[in-house]
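Colleague: I am new to this one. Please take me through its pockets.

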Amino acid sequence: MKFSLNWLNDHLDLTDLSVADIDDLLTFAGIEVEGIETRGADIDQLVVAQVISSEKHPDADKLSVCQIDAGADSPVQIVCGAKNYQVGDKIPLAQPGCELPGGFKIAPCKMRGIESNGMMCSASELGLTDESDGLMILDTDAAPGTAFSDIITSDTIFDVEITPNRPDLLSHLGLARELAALTGRELKGGIAHYQSINDKCQTAQSSDIDIQATEACPLYSGHFIRGIKVAPSPDWLKEKLEAVGLRPINNVVDITNYILHQTGQPLHAFDLAKLNGGIQVRYAKDGEKLIALDGADYPLNSSDLIIADGEKAQAIAGVMGGEDSGVTGGTTDILLESAYFAPSGVRATARRFNLSTDSSYRFERGIDPVQTLGISKLAVDLILELAGGTADPETLIAGQVPTAPADVAFEHAACHRLLGHNIGDDKINNILSSLGLEADGNNWKIPTWRLDLSRQVDLIEEVARVFGLDNIPARTVGTYAPASKEDKTYAANRSLRDRLVHQGFYEALSVKLIAESQLADDPATAMKGGLAPMRIKNPISDDYVYLRPSVIPSLLSIAKHNVNHGSSALRLFELGTVFSATPKGQAIEQSSLGLLITGDREPASWKKPQPETLDFHDLRSVIESLCPGQDIQIHPITPQPGCHLALAAQIRIGKSKAGICGQLTPARAREIGLEAPALVAEFNANTLNTARNTERRFAELPRYPASTRDIAMEAPAELPNSDIEAVFAKIDQKLLESFCLFDVFSDARGEKLAADKKSLAYSITYRHPDRTLEQAEVEQAHQQILETLSKNLPVVFR
């Protein structure tokens with residue numbers, strides 16, 4: 001069932017609670033929220049418009065050409081297929097450039113050769129209802145050109161799954177009662193008092209109302225109202241019905257639907273002029289038929305309870321009214337029905353006809369029988385207010401109000417014992433009272449709307465729900481086993497593997513022993529700090545002499561095997577243990593992650609027969625993807641003599657040394673059989689996982705434009721980019737958002753630039769989070785950055 005937050009606020013002040021708060025309150029109380037939808041019409045280029053004229057399309061029978069006043073200097077021409085409007089009606093108009101819910105964009109077009117400069121909209125096209133029949137006709141004094149959002153209030157709709165044992169929640173008042181208990185708030189005054197108060201009732205004569213099946217209909221009431229005027233409902237009523245997915249029909253029918261969703265009490269209005277004789281509540285006769293409001297012809301049998309007049313069936317009791325006696329535009333006198341039908345009978349009939357209506361859905365689960373007469377008075381007052389007319393002074397009733405639920409004996413000690421927690425007798429009493437129960441010694445009187453409460457255990461369950469199951473300490477017979485260090489390490493490593501596999505890497509698994517010749521493939525030799533590889537005392541062969549100090553030698557061996565079998569583009573990783581020894585011979589084991597990439601960036605195709613090869617920038621992008629949101633720094637270092645790296649760099653995550661990366665020497669790449677550059681990286685897996693587990697922070701997208709400036713500077717050829725990035729990182733300038741190197745130029749012959757120099761071009765972005773920048777402050781910030789770079793680096797700006 002759909003509930004409108006605006007409607008709920010009519011009963012209970014929820015304005016200080018967020019949508020997420022209300023969702024959590026209901027969910028943890030055992031009321032499932034299946035969906036949450038924000039409705040409204042805060043849409044650009046959607047305005048109130050008025051139909052000036054409408055003529056038949058010259059080349060299409062089902063289309064009309066309309067001239068529309070949209071508040072502009074001249075009318076707008078619209079081609080429309082709807083037929084439910086008249087000249088002078090006001091409608092919502094989507095102008096060119098408007099984007100409707102679902103991503104439908106409006107643009108000028110031609111329809112059968114006639115230009116159309118916008119679209120006249122229905123309520124469903126605006127996301128206000130699930131379905132609609134024709135255009136949305138507006139009852140508003142707003143002038144053409146007024147933004148549609150100015151006349152339509154936004155709302156939040158909760159789609160809630162109500163379990164069969166909680167029929168009391170099948171109304172906005174019912175859910176408001178529940179939220180009042182959960183939050184400790186008071187319901188607002190208003191319709192709540194109509195539940196049991198209707199002191200103007202009179203027992204009906206059998207000639208007026210005759211209940212012939214009291215077991216199926218214990219109580220039936222009717223109220224005569226004469227001289228009404230059926231007309232469209234006011235906007236406030238239409239908005240409430242549309243919010244819960246109903247299509248407004250007319251003021252009388254809309255009031256019955258409104259009352260149903262407001263209180264949970266189904267009502268029905270008969271056109272009095274179409275009834276012949278008094279009301280009979282009886283079982284149908286075999287062979288009887290009824291054409292219902294949905295236009296279908298239903299064959300009745302003796303198990304179906306019906307509402308009939310002196311001649312024929314006029315409604316299927318509790319399910320649907322008949323078409324012949326329904327309220328129409330010409331109706332002036334009505335009989336308003338408010339009754340209590342036994343759930344079992346309504347359920348059987350609805351299922352036999354495969355007909356589920358809002359009324360049957362509530363009757364077959366059980367409504368509050370005591371509210372029947374009071375809600376009738378509420379509906380009568382509302383009809384008199386919106387449709388006029390004169391009501392009979394008294395409501396006619398037949399039958400008796402069903403017996404109230406029996407009192408339930410309750411022991412506080414039993415509650416404490418079953419919950420396993422003493423929450424206090426006063427707290428229990430307050431919770432039960434907030435749910436509408438009344439204490440009577442050791443018994444509690446059950447409210448008539450809570451037919452599901454019949455045993456002590458039911459009351460204990462209610463106490464647990466409202467108190468909050470998460471507030472009751474857990475008591476277990478087993479021993480809780482927290483996640484061990486090994487469990488957390490396994491989960492972190494699995495996450496690393498998944499991320500790399502999703503980027504096209506293949507995981508390699510290799511033995512932890514390598515040959516002596518492979519030690520030179522260890523890229524981190526220069527960073528070992530005196531640690532030495534560990535030799536096996538009794539190696540089984542020359543290929544397995546050392547415990548590997550790095551996973552890179554194993555990856556290179558696997559790469560060679562793949563190249564020998566025809567593979568040239570490789571993305572490999574291995575996550576495993578590496579070993580080293582201190583000068584005193586103490587063994588050290590660490591978890592290490594190694595990466596290797598080489599070959600084409602993408603497979604060759606007809607579009608790109610010669611794809612680009614993977615380079616250091618591709619490796620860096622992979623490294624940065626492993627720790628999103630972290631400060632990844634790559635600092636060039638000198639490869640250790642004898643190491644097979646031509647280029648090497650240290651990887652830092654924040655202030656921690658995390659690993660090393662680089663490019664194999666061409667000679668070593670040729671030994672493996674690689675034609676393209678081979679790039680490798682190796683991390684301390686524990687350091688990497690620690691950084692990955694760091695709390696991530698998110699920020700909203702920028703709301704104000706940025707300003708960019710480019711700079712070109714001449715620097716020594718040996719100046720690493722990491723030094724420049726380090727200076728940028730230390731600049732205390734709040735407007736500096738980012739910087740990017742976009743061009744590097746050098747001239748080895750020294751003709752255009754000295755051979756020992758290089759030219760670097762950076763793009764610098766400035767932005768303020770709360771406003772648009774002025775040119776003067778951008779220039780001031782830019783000058784500060786130039787001065788800082790000049791002061792800290794051997795550069796000259798060009």
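Colleague: By class, which residues does the lining of the second largest pocket have?

Modeller: This is a predicted model, where local features need pLDDT of at least 70, side-chain atom pairs count only at pLDDT 80 or more, and totals for chains, interfaces and linings use all residues. Residues are numbered from 1 along each chain as its sequence is written, and side-chain values use heavy atoms, with hydrogens and water left out. Here Ala, Val, Leu, Ile, Met, Phe, Trp, Tyr, Cys and Pro count as nonpolar, Asp, Glu, Lys and Arg as charged, and the others, Gly among them, as polar. The lining divides into 18 nonpolar, six polar and five charged residues.

Colleague: Which helix gives the most to the lining of the second largest pocket?

Modeller: Helices are DSSP runs (H or I, at least four residues), numbered from the N terminus. Helix 14 (616-626) and helix 17 (721-730) each supply at least two lining residues. The most, seven residues, come from helix 17.

Colleague: How much space lies in the largest pocket?

Modeller: A pocket is an open set of points on a 1 Å grid over the protein atoms alone, where a 1.4 Å probe fits, with protein on both sides within 12 Å along at least five of seven lines; lining residues have an atom within 4 Å of a point. Its volume is the space filled by probe spheres set on the points, which are joined across faces, edges and corners. For the largest pocket, that is about 1200 Å³.

Colleague: Which residues lie closest to the centre of the largest pocket?

Modeller: The lining holds 40 residues. Closest to the centre are L246, N257, T357, D358 and S359.

Colleague: Which element gives the most to the lining of the largest pocket?

Modeller: Among the elements giving two or more residues are helix 5 (251-263) and helix 7 (358-363). The top contribution is six residues, from helix 5.
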